[in-house]
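Dear colleague,

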Amino acid sequence: MSAITRDEVAHLARLSRLALADEELDHFAAQLDQIVAAVARVAEVAADDIPPSSHALPLTNVFRPDEVRASLTPEQALSGAPAVEDDRFRVPRILGEEA
Amino acid sequence: MTELLHKTAAELGRLIAAREVSAVEVTQAHLDRIAEVEPKVNAFLHVDPETTLAQARAVDERIAGGERLGPLAGVPVAHKDVFTTTDMPTTAGSKILEGWRPPYDATVTSRLREAGLVILGKTNLDEFAMGSSTENSAYGPTRNPWDLSRIPGGSSGGSSAAVAAYEAPLSTGTDTGGSIRQPAAVTGIVGMKPTYGGSSRYGLIAFASSLDTPGPFARNVLDAALLHEAFSGHDVMDSTSIHAHVPPVVEAARQADIAGLRVGVVKEFGGEGYQPGVLARFHEAVELLESLGAKVVEVSCPSFGYALPAYYLIAPSECSSNLARFDAMRYGLRVGDDGTRSAEEVMSMTRAAGFGPEVKRRIMLGTYALSSGYYDAYYGQAQKVRTLISRDFDAAFHQVDVLVSPTTPTTAFPIGERADDPMAMYLADLCTIPTNLAGNAAISVPCGLADEDGLPVGLQIMAPVLGDDRCYRVGAAVEKALEDRWGGSLLTKAPALEGLGYQHG
């Protein structure tokens with residue numbers, strides 16, 4: 001029995017915003033199945049009473065004074081944009097045709 | 001001026017400061033070397049002699065004007081192409097960022113510039129630093145100067161190859177699961193992963209934010225320490241940056257004395273899956289440490305066996321979130337925007353076209369591990385394992401001052417051998433990953449050549465959080481003793497790349 005099915009991988013690709021071709025899905029499904037089966041070994045560790053670590057070192061929130069500092073100009077911020085219009089990022093339509 | 005190529009960075013810095021040689025001369029010698037060997041090595045994604053020589057001229061002018069700069073002023077450095085640079089493109093080895101010119105410099109970049117280092121170019125890497133061989137670069141693999149048919153390690157393989165091929169005396173890297181130490185080990189050079197938060201992530205294109213750590217490569221331990229010191233330290237632009245002084249790494253590299261030091265050999269790293277020649281050199285290194293006055297004991301870290309699976313849940317989870325920013329809207333590639341498609345369709349087409357297979361695998365794996373219903377079993381459990389690994393380190397460092405292991409289970413493997421076998425590739429980081437999960441410091445230093453293939457083997461030295469200086473102290477002691485034995489550095493045994501004479505033997 002596989003750890004992860006091809007349908008699940010197709011769903012993950014949609015969630016991940018990756019428009020994968022059918023043959024890519026077949027290939028990744030086989031590989032991800034193998035990887036998920038291998039990483040599932042973490043379940044062998046008895047860790048019920050162990051706190052999770054999201055980070056290696058203890059962190060505290062960092063504040064800075066709320067002061068105006070130098071930042072990117074609009075020209076700099078837009079310098080790498082695929083499309084620009086009126087000093088703004090131009091993007092494809094966000095809503096469906098009928099919305 | 002080929003003799004300039006073989007000098008240490010420390011020596012070059014002294015000669016430039018004393019105006020016995022100019023930064024321009026040193027830079028030109030390295031640019032010439034790059035032109036000569038790059039067709040074979042492919043360590044660089046971008047080299048721009050004009051921009052680089054202008055930096056060198058500026059340093060020479062500052063020195064001529066009487067300015068006192070740091071010990072590496074005028075010394076060239078190859079810069080991993082995952083740090084943003086305003087004067088050179090930054091691609092992270094990905095088609096999705098092809099030709100991107102960042103509008104700001106990474107903190108590591110700014111600090112290199114402030115210290116007067118001359119940036120020679122941007123080095124190749126596995127796409128978004130995901131990989132152990134540099135084969136995942138969208139711009140073709142880098143080759144190992146020891147054997148051009150083999151990998152130079154990864155993800156910082158361009159940086160390791162550039163230093164091993166004498167294209168640069170120094171280079172930068174980033175280490176998320178071993179991406180500095182493993183490439184250093186397989187190319188016979190020194191690579192250091194500082195304590196997490198000891199070097200700034202600002203302007204470092206993120207892979208796994210709780211693990212990513214910038215660090216140095218060099219051909220000797222002192223040079224690595226000098227570069228470490230030059231770009232490390234607290235940064236207000238990185239909220240996980242540690243508010244502490246940089247550990248005294250340069251002093252430790254000069255000290256190189258380990259009499260009375262307690263060294264722990266990690267019991268779990270050895271045996272099946274380890275190449276005999278790697279284990280032989282490692283055991284000799286341990287004997288050497290004893291002969292230098294260290295007290296060696298075996299230490300058990302029982303959770304380390306689960307570090308690899310935990311890492312391949314945590315790192316992909318963080319990556320799936322971090323790489324969501326590549327949405328085809330504000331910068332980078334955009335595909336399929338023909339006026340009929342929605343933003344979501346354009347986004348999905350762009351990401352499919354712009355990301356390579358390993359990045360796609362990890363994004364989907366991370367998305368899976370973070371899905372409701374699987375979160376507790378995978379990501380949550382991996383985070384608990386992470387706690388146990390930190391506890392293993394804490395317990396070990398109550399008994400010993402440093403831990404040692406081979407840096408990698410094998411020497412450099414042939415290009416293509418593991419390219420479509422992700423699990424085989426992941427094993428390259430077996431010994432380096434625990435340190436990333438726990439956030440402590442570790443270095444790889446050369447400890448000889450494996451008998452089977454004549455390729456370099458690395459000794460990993462792990463120290464507690466903010467114990468970076470111990471890595472340098474032990475590394476320098478090992479280096480000194482081995483170089484006395486070898487009659488020079490390990491790299492002098494590497495085949496020459498000059499001319500047409502290179503043949504894989």
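This is a predicted model: local features need pLDDT of at least 70, side-chain atom pairs count only at pLDDT 80 or more; totals for chains, interfaces and linings use all residues.

If its neighbours within four places in sequence are left aside, B:Ser160 is in contact with B:Pro152, B:Ser171, B:Pro183, B:Ala184, B:Thr187, B:Ile189 and B:Phe217.

The next element to look at is helix H8 of chain B, residues 221-231, which is largely enclosed by the rest of the structure because eight of its eleven residues are buried. Those buried residues are B:Val221, B:Asp223, B:Ala224, B:Ala225, B:Leu226, B:Leu227, B:His228 and B:Phe231. At the start of H8(B), a side-chain oxygen of B:Asn220 comes to within 3.1 Å of the backbone nitrogen of B:Leu222, and the helix is followed by B:Gly233, which has a positive phi, near 110 degrees.

Aromatic rings come next, and over all chains the structure holds 15 aromatic pairs. In one of them, the rings of B:Tyr374 and B:Tyr378 have their centres 6.1 Å apart and their planes at 40 degrees, and so the pair is described as tilted. Of these two residues, B:Tyr374 counts as partly exposed because its relative accessibility is 29%, whereas B:Tyr378, with a relative accessible area of 12%, is buried. There is also an aromatic cluster, formed by B:Trp100, B:Phe128, B:Phe326, B:Tyr331 and B:Phe355.

The last topic is the contact between the two chains, to which chain A gives 54 residues and chain B gives 67 residues. The area buried between chain A and chain B is about 5100 Å², and carbon and sulfur atoms give 65% of that area. On the side of chain A, the residues that lose the most area to chain B are A:Arg17, A:Val42 and A:Pro92, which together make up 13% of what that side buries.

Between chain A and chain B the count is three salt bridges, and one that you can look up is the salt bridge in which the side chains of A:Arg90 and B:Asp337 meet, at 3.0 Å from N to O. The count of residue pairs in polar contact between chain A and chain B is 25, with both residues at pLDDT 80 or more. On the side of chain A that touches chain B, the elements that give two or more residues are helix H1 (6-15) and helix H2 (22-39) of chain A, and H2(A) gives the largest share, ten residues. By kind, the residues on that side of chain A divide into 35 nonpolar, ten polar and nine charged.

With best wishes

How values were computed:
Residues are numbered from 1 along each chain as its sequence is written. Chains are lettered from A and ligands numbered from 1 in the order in which they are written. Side-chain values use heavy atoms; hydrogens and water are left out. Contact means heavy atoms within 4.5 Å. Buried area is the accessible area (1.4 Å probe) that two parts lose on being put together, summed over both. A salt bridge is a side-chain nitrogen of Lys or Arg within 4 Å of a carboxyl oxygen of Asp or Glu. A polar contact is a pair of N or O atoms within 3.5 Å; within protein, one must be able to donate a hydrogen and the other to accept it, and residues adjacent in sequence count only if both atoms are side-chain atoms. Helices (H or I, at least four residues) and strands (E, at least two) are DSSP runs, numbered from the N terminus. Ala, Val, Leu, Ile, Met, Phe, Trp, Tyr, Cys and Pro count as nonpolar, Asp, Glu, Lys and Arg as charged, and the others, Gly among them, as polar. Rings of Phe, Tyr and Trp (its six-membered ring) pair if their centres lie within 6.5 Å; planes under 30 degrees apart count as stacked, over 60 as edge-to-face and the rest as tilted. Buried means under 20% relative accessible area, exposed over 50%, partly exposed in between (1.4 Å probe, protein chains only).
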